[in-house]
Amino acid sequence: MTRIRRGYIARRRRAKMRLFASSFRGAHSRLTRTITQQKIRALVSAHRDRDRQKRDFRRLWITRINAVIRERKVSYSYSILIHDLYKRQLLLNRKILAQIAISNRNCLYMISNEILK
């Protein structure tokens, strides 16, 4: 019986995994079984942290808006501002409000004063 040469498909798959894990340290970038485990772990972490990133940015925007609002008026707070925005049906999301708060504070003060009237 003649010798059968194996195909290159498995080797190609492992090479692709090694490219993914090339920046990992130690055995995590060299051993095939460890690479597969670390690849699964990395993809799970990436999926989880995409949702986490959205939460973190929302918290950052809220903190920035609240800080700028409380700077001018002590009694006025973030929650009252957002409530008044919804009452007036002004469609400004937190990201835009935070950008306004950083770049042009007077504009945010004008918006909050208009809402209060």
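How exposed is R52, in terms of relative accessible area? R52 comes out as partly exposed, at 38%. Keep in mind that this is a predicted model.

**The R52 pair in helix α2**
- R52 has a salt-bridge partner in D56, and their closest N and O atoms sit 3.5 Å apart.
- Both residues belong to helix α2, which covers residues 32-72.
- The spacing between D56 and R52 is 4 residues, or about one turn of the helix.
- D56 is partly exposed too, with a relative accessible area of 34%.

**The R48 and D49 pair**
- Another salt bridge joins the side chains of R48 and D49, with an N to O distance of 3.2 Å.
- R48 is partly exposed, its relative accessible area being 49%.
- D49 also lands in the partly exposed class, at 36%.

**The D84 and K87 pair in helix α3**
- D84 and K87 meet through their side chains in a salt bridge, at 3.8 Å from N to O.
- You'll find both of them in helix α3 (residues 78-88), 3 residues apart, which again is about one turn of the helix.
- D84 has 10% relative accessibility, so it counts as buried, the cut-off being under 20%.
- K87 has 59% relative accessibility, so it counts as exposed, the cut-off there being over 50%.

- R18 sits in helix α1, which runs over residues 9-20.
- With a relative accessible area of 34%, R18 is partly exposed.

- R33 is part of helix α2.
- R33 is exposed, with a relative accessible area of 68%.

Methods: Residues are numbered from 1 along each chain as its sequence is written. This is a predicted model: local features need pLDDT of at least 70, side-chain atom pairs count only at pLDDT 80 or more; totals for chains, interfaces and linings use all residues. Side-chain values use heavy atoms; hydrogens and water are left out. Helices (H or I, at least four residues) and strands (E, at least two) are DSSP runs, numbered from the N terminus. Buried means under 20% relative accessible area, exposed over 50%, partly exposed in between (1.4 Å probe, protein chains only). A salt bridge is a side-chain nitrogen of Lys or Arg within 4 Å of a carboxyl oxygen of Asp or Glu.
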